[in-house]
Amino acid sequence: MTARTETRLWLAQRGSAAVLALCVAVHLATLIYAVRGGLSAAEILSRTRGSAAWLGFYLLFVAAVTVHAPIGLRTVLREMTAWRGRSLDLTMLLFGVLLAALGLRAALAVFA
Amino acid sequence: MPDERTLEVRVWRGREGGHFQTVTVPRRASQTVLDVVSWIQRHHDATLSYRFACRVGMCGSCAMTVNGKPRWTCRTHVDKVAEGDTLTVAPLANLPVVKDLVADMAPFFDKWAKARGRFVPESDAPREFHTVRPDTRERQAADAGIECIGCGVCYAACDIVRWNRDYLGPAALNRAWTLVNDVRDTGNDARLAAVAGDAGCHACHSQEGCRTHCPKQINPTASIAGLKRATTAAALKGRL
């Protein structure tokens, strides 16, 4: 992989980390608020369904995870194991696709 | 009245598969670890191999592992590092051992070359001297890292070097950063490409083992952070 691509991956990982810091904080705060307020699943869904704001928020969250996790896992695997090269890169790409699919499914489920 | 105290010194003998030999050495006032090693070679075993030159902290050739930490031995006082009356002296870590306390520095300096650590002048010699003002940002950044003596202490202290043998290491990257900030140099596009990626600045975890152990109080981690910024800017501008 070229120096330019490696640098862009590094930048994408740092940028997505900044987005995740915000998203995780909002997500956890909402979670604690909903649980402590004693909201049922049905009550939570009644607030999120049809809400473009919540859909937008969770789509952003999923996008950040999809960028952040595969790049980070690739770095960890390269540091901790001898796995390098194209097979690792493709596997991480597939891992990203899997995360995106699972994340989109969850985001759409709270919207519709 | 002579000092009757002694020091039990465990000194590495042989190559990677070698062993520690225990030698009793007389304690002296203001004794350095290099003094101890020299005493062993002169009075106990003339076949002990070690490396030194200036003895005043300028040449960077006498670095060894002292009680588990990399140090310049000519300016390390025994009183400050001895654990009780014992001292363990071994060659620098993360480098092949030639013999006894002599580490092979070739991989270390090969990485300076890989990081494009050589000054690249303009193709035509300038007619006038370059004026590099001391108060400019570039000059101050270069000054912060320029006093490196190439001793290899940071390289031996770096965990990333330990688990990624291709990693260029703190000293080579620090050298690259001083050149990135040298306004007379013309080799930065190739240099930034050489120091980016898994074997370069982006592999650094910013643990600052290099900064902790550098005998010249240089902060290579800050230099590496500078390279991360410079490579990012170059990548965004399409120059990488």
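**View 1. Where chain B meets chain A.** In this predicted model, eleven residues of chain B are in contact with nine residues of chain A. Helix α10 of chain B (residues 220-236) gives the largest share of chain B's side of this meeting place, with three residues. Sorted by class, the chain B side that touches chain A holds five nonpolar residues, five polar residues and one charged residue.

**View 2. Helix α1 of chain A against helix α10 of chain B.** Let us step in to one pair of helices from the two chains. Helix α1(A), residues 3-36, packs with α10(B) at an angle of about 110°, and their axes are 9 Å apart. With that angle, α1(A) is roughly perpendicular to α10(B). On the chain A side, the contact is made by A:R4, A:T7, A:R8 and A:L11. Their counterparts on α10(B) are B:T231, B:T232 and B:A235. Taken together, the residues of this helix contact include two nonpolar, three polar and two charged ones.

**View 3. Chain A as a whole.** Along the principal axes, the C-alpha atoms of chain A fill a box of roughly 50 × 25 × 20 Å. The radius of gyration of chain A is 17 Å, whereas a compact globule of 112 residues would have one near 13 Å.

**View 4. Helices α3 and α4 of chain A, side by side.** Helix α3(A) covers residues 52-80 and helix α4(A) covers residues 85-111; they pack at an angle of about 160° with their axes 9 Å apart. This makes α3(A) roughly antiparallel to α4(A), and the crossing of the two is right-handed.

**View 5. The open sheet of chain B.** Five strands of chain B form an open sheet with mixed pairing, in the order β2-β1-β5-β3-β4. Which strands stand at the edges? They are β2 (19-26) and β4 (69-72) of chain B; each has a single partner strand, so one side of each is left without a neighbour in the sheet. On average, and with direction ignored, neighbouring strands of this sheet are turned by 35° against each other. Helix α1 of chain B (residues 33-44) packs on the sheet, where it touches β1, β2, β3 (63-66) and β5 (86-90) of chain B. The direction of this helix makes about 95° with that of β2(B).

**View 6. Strand pairs inside the sheet of chain B.** Here the view moves in on the bridges themselves. Strand β1(B), residues 6-13, runs antiparallel to β2(B), and eight bridges join the two. Within this pair, B:V11 has B:Q21 of β2(B) as its bridge partner. Strand β1(B) also pairs with β5(B), in the parallel sense and over four bridges; here B:R10 stands opposite B:T88 of β5(B). Strands β3(B) and β5(B) pair in the antiparallel sense over two bridges, and B:V66 stands opposite B:V89 of β5(B).

Methods. Residues numbered from 1 in each chain as written. Chains lettered and ligands numbered in written order. Predicted model: local features only at pLDDT ≥ 70, side-chain atom pairs only at ≥ 80, totals over all residues. Pairing = 2+ DSSP bridges. Axes fitted to C-alpha atoms, helices over the stretch in contact; angles between N-to-C directions. Contact = placed C-beta atoms within 7 Å. Parallel < 35°, antiparallel > 145°, perpendicular 65-115°, else oblique. Left-handed = near helix turned anticlockwise from the far one by under 90°. Nonpolar A, V, L, I, M, F, W, Y, C, P; charged D, E, K, R; others polar. Rg over C-alpha atoms; globule rule 2.2 N^0.38 Å.
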